[in-house]
Amino acid sequence: MRHATAMPTAFLFHHRGDTIPGVVLPSGRAVLIEDEDFGAATVAPTADDLLTSYPGAHIQWPDLPTPKEPRRMTQRLKARTVDDVLGADGHSSSEFDGGDWDPGYRTAQAGPRIVHVFHDGPGEEQQITAYTKTLQADGYNVQHEQQDHGGRHRLTVTRP
């Protein structure tokens, strides 16, 4: 039997061929709406008490989805940490040298828990894919995105 829940839960109460809508409130109290036009209702401390009061009745509960495991907040992450992981796997960082950028990855802090990874130079999509594999192998969550209006590809990296 359903008892107190965080949200009201609707049900259908079947008794002697009648189907009556009802709801279990967050307090656990069960309410049958017997006449919507006049506001007539039956209230009981629980749905079990309703069934005890109406012999032969049964309650049809909705098919509710199984609650998912709550999402855990990601850990704090610094761009320097992502730099270290990519560098340790042999990827070259992009550097500004002599008025131009040398090809490689570049990281940017996007918040206390998010780092963006870009590739400067040719082969952007292939390199982004290689960075993704390296970071995922090290346990990071990685999402491949493209900036608005056909802009650059980038990775959004978080740590579970």
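Q: What makes strand E3 and strand E4 a pair?
A: Strand E3 (residues 30-35) and strand E4 (residues 40-44) are joined by five bridges in the antiparallel sense. Two strands pair if DSSP finds at least two bridges between them. Five bridges meet that cut-off, so E3 and E4 count as paired. The model is a predicted one.

Q: What lies between E3 and E4 in their hairpin?
A: Four residues lie between the two strands. Gly39 is in the turn, with a positive phi of about 75°.

Q: What makes the sheet that holds E4 and E3 an open one, and what is its strand order?
A: Five strands line up as E4-E3-E2-E1-E5, with antiparallel pairing. E4 and strand E5 (58-60) are the edge strands, and each pairs on one side only. Neighbouring strands here are turned by 30° against each other on average, direction ignored.

Q: Why is Arg16 called exposed?
A: Exposed means over 50% relative accessible area. Arg16 has 75% relative accessibility, so it counts as exposed.

Q: How do you know whether Met7 is buried or exposed?
A: Met7 has a relative accessible area of 59%. The cut-off for exposed is over 50%, so Met7 is exposed. Met7 belongs to the segment before E1.

Q: What does Met7 touch, leaving aside its neighbours within four places in sequence?
A: Met7 is in contact with Val24 and Pro26. Met7 and Ser53 are 46 residues apart in sequence, and their C-alpha atoms are 25 Å apart in space.

Q: What is the strand order of the sheet of four strands?
A: This open sheet runs E8-E9-E11-E10, with antiparallel pairing. Strand E8 (104-111) and strand E10 (141-146) are its edges, because each pairs on one side only. Its neighbouring strands are turned by 25° against each other on average, direction ignored.

Q: What packs on this sheet?
A: Helix H2 (residues 79-88) does, touching E8, E9 and strand E11 (153-158). The direction of H2 makes about 155° with that of E8.

Q: Why is E9 called largely enclosed?
A: Buried means under 20% relative accessible area. Six of the seven residues of E9 are buried, so the rest of the structure largely encloses this strand.

Q: Which residues have the most contacts inside the largest nonpolar core?
A: They are Val82, Val117, Leu135, Leu155 and Val157, in a core of 15 residues. H2, E9, helix H3 (124-137) and E11 each supply at least two of its residues. H2 gives the largest share, four residues.

Q: What does Val157 touch beyond four places in sequence?
A: Its contacts include Leu77, Val82, Ile114, Val117, Leu135 and Tyr140. Another core lies apart, with twelve residues, among them Ala44, Ala47, Leu50 and Ala57.

Q: Why are H2 and H3 called roughly perpendicular?
A: The two helices pack at an angle of about 105°, with their axes 10 Å apart. Angles from 65 to 115 degrees count as roughly perpendicular. H2 and H3 are therefore roughly perpendicular to each other.

Q: What makes up the contact of H2 with H3?
A: H2 brings Val82, Val85 and Leu86, while H3 brings Tyr131, Thr134 and Leu135. Five of the residues are nonpolar, one is polar and none is charged.

Note on methods:
Residues are numbered from 1 along each chain as its sequence is written. This is a predicted model: local features need pLDDT of at least 70, side-chain atom pairs count only at pLDDT 80 or more; totals for chains, interfaces and linings use all residues. Side-chain values use heavy atoms; hydrogens and water are left out. Axes are lines fitted to C-alpha atoms, for helices over the stretch in contact, and angles run from 0 to 180 degrees between N-to-C directions. Contact means heavy atoms within 4.5 Å. A nonpolar core is a set of buried Ala, Val, Leu, Ile, Met, Phe, Trp, Tyr and Cys residues joined through side-chain atoms within 4.5 Å. Buried means under 20% relative accessible area, exposed over 50%, partly exposed in between (1.4 Å probe, protein chains only). Angles under 35 degrees count as roughly parallel, over 145 as roughly antiparallel, 65 to 115 as roughly perpendicular and the rest as oblique. Ala, Val, Leu, Ile, Met, Phe, Trp, Tyr, Cys and Pro count as nonpolar, Asp, Glu, Lys and Arg as charged, and the others, Gly among them, as polar.
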